[in-house]
Amino acid sequence: MEQIKHTYVQVNGLKLHVAEIGSDTSPAVVFLHGFPEIWYTWRHQMIAVANAGFRAIAPDYRGYGLSDIPQQPDKTLFADLVNDTASILDSLAISKEPGRAEADFGRFDAKTVVRNVYIMFSKSEIPIASENQEIMDLVDPSAPLPSWFTEEDLSAYGDLYHKSGFQTPLQVPYRSFAENIGSPQQGVDGPKVEVPALLIMGEEDYVFKFPGMEEYLKSGEVKKYVPNLEIVYLPQGCHFVHEQFPDQVNQLILDFLTRNKY
């Protein structure tokens, strides 16, 4: 972990935190987190990728971790993350009022929120609160962390989220899913990702329980938008499979990068 360096990049009026490791002249691999993750979630993969001769880069999105919080977190768009990422790569010389969830999370410190999210979303079922219940109430305070997620990991997440809080993360990605990020010239089908892509999922990921998701992925329909997509499913893997089985995920990433290096 000590060999990972941390810098700040001024992007679109915000100072964004970027963690990286590897030579500036090596091919770059950019790791993008979800929620509740921040750059730290890719710690295992960053080191493995750098040791294999690549430059690993992992930013904290705007409003996440050590990056600046936008002036209006509730106005944050998914397109902002796309633009921020492009601007970060350029800079590194590489080609509201609180809503219900905010109020729920606000009852706890950052460490407790992350703890509860990891416990809930590492299971295979979608956690759903009843009408008079909040999502944080679904976790028993005595429930143990997943076996692969340590107290040290939890402290790292808690410390990093202490600065940013959760208002922006609750906006992006989840509340921005319906956002149209394509241009009018791209038509009704939206943008396509033409480059080789790799998706690694755990077979026990709760995401499969969303209506139509498993069929969308396993039928190949997703390749309408990502035609060169390779999907690998890891047995017993949960939503956080890259932290649950870091060695397996590291090897899959390295194999993919090697096959598609040039």
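**Exercise 1. Salt bridges**

Determine how many salt bridges a search of the whole structure finds, and work out which residues are linked with Arg55 in a network of salt bridges.

Solution. The structure is a predicted model, in which local features need pLDDT of at least 70 and side-chain atom pairs count only at pLDDT 80 or more, while totals for chains, interfaces and linings use all residues. Side-chain values use heavy atoms, with hydrogens and water left out, and residues are numbered from 1 along each chain as its sequence is written.

Step 1. The criterion for a salt bridge is a side-chain nitrogen of Lys or Arg within 4 Å of a carboxyl oxygen of Asp or Glu; a search of the whole structure on this basis finds twelve salt bridges.

Step 2. One of them joins the side chains of Glu20 and Arg55, with 2.8 Å from N to O. This pair links distant parts of the chain, since Glu20 belongs to strand E2 (residues 14-21) and Arg55 to strand E4 (residues 55-59), 35 residues apart. Helices (H or I, at least four residues) and strands (E, at least two) are here DSSP runs, numbered from the N terminus.

Step 3. Asp24 also forms a salt bridge with Arg55, the closest N and O atoms being 3.7 Å apart. Here too the pair links distant parts of the chain, with Asp24 in the loop between E2 and strand E3 (28-30) and Arg55 in strand E4, 31 residues apart.

Step 4. Glu20, Asp24 and Arg55 are therefore the members of a network of salt bridges, as follows from the definition of such a contact.

**Exercise 2. Accessibility within the network**

Classify Glu20, Arg55 and Asp24 as buried or exposed.

Solution. The classes are buried (under 20% relative accessible area), exposed (over 50%) and partly exposed (in between), with a 1.4 Å probe and protein chains only. Glu20 has a relative accessible area of 2% and is therefore buried, and Arg55, with 5%, is buried as well. Asp24, at 52% relative accessibility, counts as exposed.

**Exercise 3. Backbone geometry**

Describe the peptide bond from Phe35 to Pro36 and the phi values of Asn12 and Gln236.

Solution. As background, most residues other than glycine have a negative phi, and most peptide bonds are trans.

Step 1. The peptide bond from Phe35 to Pro36 is cis, with omega near 10 degrees, and Pro36 is found in the loop between E3 and helix H1 (43-51).

Step 2. Asn12, although not a glycine, has a positive phi of about 50 degrees; Asn12 is placed in the loop between strand E1 (5-11) and E2, and with a relative accessible area of 49% Asn12 is partly exposed.

Step 3. Gln236, likewise not a glycine, has a positive phi of about 65 degrees. Gln236 lies in the loop between strand E6 (229-234) and helix H8 (241-244) and is exposed, with a relative accessible area of 58%.
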